Amino acid sequence: MGLGLLEHARVLIDDPAADARQLRFLSVQLSAALRDAVRVAQARGAGVTAGAE
């Protein structure tokens with residue numbers, strides 16, 4: 001999911017016609033993917049703690 005979101009983000013950010021609604025939706029999805037990645041890192045014993053809940 002994360003790789004697909006990154007590609008979508010690249011395309012959307014490069015699109016001057018992208019509106020606030022699209023960017024807000026993308027930021028919510030990217031935040032969820034990042035939260036999942038941090039959770040996995042913590043489960044594997046990585047020292048990721050700043051702002052992660």
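User: Let's start with Leu26: which helix does it lie in?

Analyst: Quick heads-up: this is a predicted model, where local features need pLDDT of at least 70 and side-chain atom pairs count only at pLDDT 80 or more, while totals for chains, interfaces and linings use all residues. Residues are numbered from 1 along each chain as its sequence is written, and side-chain values use heavy atoms, with hydrogens and water left out. Helices here are DSSP runs of H or I with at least four residues (strands are E runs of at least two), numbered from the N terminus. By that scheme, Leu26 lies in helix H2.

User: Is Leu26 buried or exposed?

Analyst: The scale goes like this: buried is under 20% relative accessible area, exposed is over 50%, and partly exposed is in between (1.4 Å probe, protein chains only). Leu26 has a relative accessible area of 5%, so it counts as buried.

User: Which residues does Leu26 touch, leaving out those up to four places away in sequence?

Analyst: A contact means heavy atoms within 4.5 Å. The whole set touched by Leu26, not counting residues up to four places away, is Leu5, His8, Ala9 and Leu12.

User: Which residues make up the largest nonpolar core?

Analyst: In soluble globular proteins, nonpolar side chains tend to be buried together. A nonpolar core is a set of buried Ala, Val, Leu, Ile, Met, Phe, Trp, Tyr and Cys residues joined through side-chain atoms within 4.5 Å. Here the largest one has six residues: Leu5, Ala9, Leu12, Ala18, Leu26 and Ala33.

User: And which helix gives the largest share of this core?

Analyst: Helix H1 (2-14) and helix H2 (20-43) each put in at least two residues. The largest share is three residues, and it comes from H1.

User: How are H1 and H2 oriented, roughly parallel or roughly antiparallel?

Analyst: Two packed helices are described by the angle between their axes and the distance between the axes. Axes are lines fitted to C-alpha atoms, for helices over the stretch in contact, and angles run from 0 to 180 degrees between N-to-C directions. H1 and H2 pack at about 155 degrees, with their axes 10 Å apart. With under 35 degrees counting as roughly parallel, over 145 as roughly antiparallel, 65 to 115 as roughly perpendicular and the rest as oblique, H1 against H2 comes out roughly antiparallel.

User: Which residues of H2 make the contact with H1?

Analyst: On the H1 side, the contact is made by Gly2, Leu5, Leu6, His8, Ala9 and Leu12. Facing them from H2 are Gln22, Leu23, Leu26, Gln29, Leu30 and Ala33.

User: How far apart in space are Leu34 and Gly2, C-alpha to C-alpha?

Analyst: Leu34 sits in helix H2, and its relative accessible area of 55% makes it exposed. In sequence, Leu34 and Gly2 are 32 residues apart, yet in space their C-alpha atoms are separated by 7.9 Å.

User: Switching to charges: which residues are linked in a network of salt bridges?

Analyst: A salt bridge is a side-chain nitrogen of Lys or Arg within 4 Å of a carboxyl oxygen of Asp or Glu, and the count comes to three. Glu7 and Arg10 meet at 2.7 Å, N to O, and Arg10 also pairs with Asp14 at 3.7 Å. The linked residues are Glu7, Arg10 and Asp14.

User: What is the closest N and O distance between Arg39 and Asp36?

Analyst: These two are three residues apart in helix H2, which means they are separated by about one helical turn. Arg39 is partly exposed at 45% relative accessibility, and Asp36 is partly exposed at 37%. In their salt bridge, the closest N and O atoms are apart by 3.5 Å.
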